[in-house]
Protein chains: 2
Amino acid sequence: MLTTKKTIRRQVILDEAAKLFKEKGYGGTSMRDLAGNVGLEAASMYNYIKGKDEILELICQRIAGIYISQLHDIEQTEATYAAKVEALIRLHIRLMVEEGPAVSVANHDWKYLPEPQLTEFKDARKSYEQGFARLVEEGIQAGEFQPLHPSVALFTILSAVRWVELWYRPGRGLSAEELENDIVAMLLKGLAK
Amino acid sequence: MLTTKKTIRRQVILDEAAKLFKEKGYGGTSMRDLAGNVGLEAASMYNYIKGKDEILELICQRIAGIYISQLHDIEQTEATYAAKVEALIRLHIRLMVEEGPAVSVANHDWKYLPEPQLTEFKDARKSYEQGFARLVEEGIQAGEFQPLHPSVALFTILSAVRWVELWYRPGRGLSAEELENDIVAMLLKGLAK
């Protein structure tokens with residue numbers, strides 16, 4: 001069992017690693033770079049974490065876990081399909097704004113995961129996308145959404161929220177809140193019948 | 001002045017190069033690979049083209065030129081802002097479907113352009129995005145579109161159409177025409193007041 005102190009230190013390592021992976025790429029980041037940023041000797045790092053593979057695995061699993069569990073919670077609610085889709089869009093944008101580096105690693109560096117984690121991650125992502133597409137499909141059947149091909153609706157939503165990572169920089173005349181509200185306003189209106 | 005035969009051969013070289021760059025990356029493609037695909041000796045290639053830099057330059061210039069000239073034509077028309085934005089969205093999707101490799105090179109490999117072409121390309125892209133954002137802004141002022149932040153509307157549109165490259169494969173139950181119509185239906189409804 002991990003002590004609290006060890007858990008906190010591990011999370012600091014994961015957060016710094018995500019920033020470095022985003023900045024220098026997964027391949028371009030060494031355990032030595034990471035140790036320097038965390039303020040540990042390279043050798044001491046191994047008291048907390050096995051290596052880069054384990055770091056990547058923990059970051060990807062954590063982000064995938066958030067999406068899957070939120071989808072699951074949302075599926076259980078009695079809300080309208082529009083409210084369910086809105087909750088997922090808001091989750092994506094908030095995670096991107098609040099946990100940018102970790103989300104970026106889960107979006108781009110997952111391909112460096114070793115097996116079996118690679119397959120597990122791809123399965124988790126597929127199951128999330130299928131669940132999201134199902135909400136869109138059910139919303140169409142319920143007459144709440146216009147009759148779009150569910151894949152087109154899904155990927156239009158996912159691309160809009162993922163793109164935020166590439167173009168949005170906070171504090172240039174557009175707050176995170178306005179960003180979130182405007183994307184929601186445009187996408188939900190686009191879906192509605 | 002280029003003879004017609006030389007012009008045609010050059011276009012074949014550019015088309016094959018775009019496919020190879022997309023497949024193997026710009027850095028991973030050699031003039032020898034390209035010669036092999038075109039059916040020329042590596043040495044004869046230089047009768048048609050100076051080298052990889054020139055190929056990249058011609059591909060990026062051609063695609064940027066299509067966007068800029070279409071935007072210019074659309075700006076001159078008397079149509080509604082919705083019709084203008086629709087025309088640009090359809091242009092993006094059609095180019096992506098019909099000229100996938102060249103569009104992909106212009107989207108990803110432009111960063112390998114040498115100067116001054118790199119700066120020219122970035123300026124052209126910026127001027128295109130500003131022109132597109134201006135149409136959105138004018139549509140909002142004219143009361144045609146809902147009052148979104150123009151950057152949010154612009155990047156939601158651009159991300160939706162660029163993403164097509166990554167997820168759409170023709171002939172899996174969704175024709176290029178349905179794809180185009182559904183994206184237009186969702187994005188224009190999303191913009192409308």
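Between chain B and chain A the count of salt bridges (a side-chain nitrogen of Lys or Arg within 4 Å of a carboxyl oxygen of Asp or Glu) is 0. The model is predicted, with local features needing pLDDT of at least 70 and side-chain atom pairs pLDDT 80 or more, while totals for chains, interfaces and linings use all residues. Residues are numbered from 1 along each chain as its sequence is written, and side-chain values use heavy atoms, without hydrogens and water.

**Interface of chain B and chain A**

- Contact (heavy atoms within 4.5 Å) involves 27 residues of chain B and 27 residues of chain A.
- The buried area (accessible area, 1.4 Å probe, lost by two parts on being put together, summed over both) is about 2500 Å², and carbon and sulfur atoms give 74% of it.
- On the chain B side, Trp163(B), Met186(B) and Lys189(B) lose the most area to chain A, together 29% of what that side buries.

**Domains of chain A**

- An automatic or database domain assignment gives domain 1 (1-49) and domain 2 (57-191) in chain A.
- Their centres, taken over C-alpha atoms, are separated by 27 Å.
- Domain 1 of chain A gives 9 residues to the contact and domain 2 of chain A gives 10 residues.
- The area buried between these two domains of chain A is about 810 Å², with 74% from carbon and sulfur atoms.
- Within domain 1 of chain A, Ala18(A), Lys22(A) and Tyr26(A) lose the most area to domain 2, together 52% of what that side buries.
- Between domain 1 and domain 2 of chain A, the count of salt bridges is 0.

Notes:
Chains are lettered from A and ligands numbered from 1 in the order in which they are written.
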